Amino acid sequence: MFTIIFGFLSHFIVDSFAKVTYHTPEPLKEDRFWVSWAIISNGITIIFVVWVILIGQFWFFFWGGFFSILVDIYDWGILRPIQNKGKNSNDESYWKQGYFFHKLIDKIREEVPPFSWLPNWNYERKGVIVELAIIVIFWILVIILLPFVSI
Ligand SMILES: [Zn+2]
């Protein structure tokens with residue numbers, strides 16, 4: 001139960017923090033820096049998953065992760081295609097009024113401290129440093145907290 005609630009809530013926090021990290025809305029396949037970072041960050045994810053399996057906590061992280069991406073699955077995977085039906089779909093402003101959780105997330109990002117104080121570095125390469133720091137802090141937290149929350 002804790003996993004479900006925490007997984008779900010963590011999505012809002014992670015998406016709000018993503019504001020200071022290097023996340024261009026569209027892939028820049030021509031850009032060497034973008035490509036290298038895509039490889040590195042995916043590599044870190046794979047290493048993390050392998051580590052989780054090795055320490056025998058796969059299902060714990062699986063369910064946490066599942067409920068955290070449920071927000072994205074619902075908004076992008078279900079809501080968006082439904083809105084898409086029979087409409088001309090490439091109008092970005094049209095999307096903005098529709099999707100559900102991410103509208104709330106956008107509001108948190110822009111209006112609720114401490115997130116509203118964060119600069120938007122989605123296009124700034126220095127955002128990768130912030131992201132690496134978040135990953136390191138998160139990983140250390142996992143190591144410290146795991147004995148208390150694992151199933
Ligand atoms: Zn999201």
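Me: Which residues of helix 1 and helix 5 make the contact between them, and what does F8 touch?

Reply: The model is a predicted one. The secondary structure of the protein consists of 6 helices and 0 strands, so that reading from the N terminus gives the order α-α-α-α-α-α. Of its 151 residues, 12% count as buried. When contacts between residues at least 6 apart in sequence are considered, 80% of them join residues at least 24 apart.

Helix 1 covers residues 2–17, and it packs with helix 5, residues 101–111, at an angle of about 50°. The axes of the two helices are 9 Å apart. Because angles of this kind are neither roughly parallel nor roughly perpendicular, helix 1 is oblique to helix 5. The crossing of helix 1 and helix 5 is right-handed. On the side of helix 1 the contact is made by F12, D15 and S16; on the side of helix 5 it is made by I105, I108 and R109.

Helix 1 also contains F8. This residue has 17 C-beta neighbours inside 10 Å and therefore counts as partly exposed, since the term buried requires 20 or more and the term exposed 12 or fewer. Leaving aside residues up to four places away in sequence, F8 touches F67, S68, L70 and V71. As for I69, it stands 61 residues from F8 in sequence, while the C-alpha atoms of F8 and I69 are 7.7 Å apart in space.

Two further helices complete the picture. Helix 2, residues 32–54, has 23 residues, which at 1.5 Å a residue should span 33 Å; its end C-alpha atoms are 33 Å apart, so the two values agree. The number of buried residues among those 23 is 1, and helix 2 therefore lies largely in the open. After helix 2 comes G56, whose phi is positive, near 75°.

Terms used: Residues are numbered from 1 along each chain as its sequence is written. This is a predicted model: local features need pLDDT of at least 70, side-chain atom pairs count only at pLDDT 80 or more; totals for chains, interfaces and linings use all residues. Helices (H or I, at least four residues) and strands (E, at least two) are DSSP runs, numbered from the N terminus. Two residues are in contact if their C-beta atoms, placed from the backbone, lie within 7 Å. Axes are lines fitted to C-alpha atoms, for helices over the stretch in contact, and angles run from 0 to 180 degrees between N-to-C directions. Angles under 35 degrees count as roughly parallel, over 145 as roughly antiparallel, 65 to 115 as roughly perpendicular and the rest as oblique. A crossing is left-handed if the near helix is turned anticlockwise from the far one by less than a right angle, and right-handed if clockwise. The expected span of a helix is 1.5 Å times one less than its number of residues.
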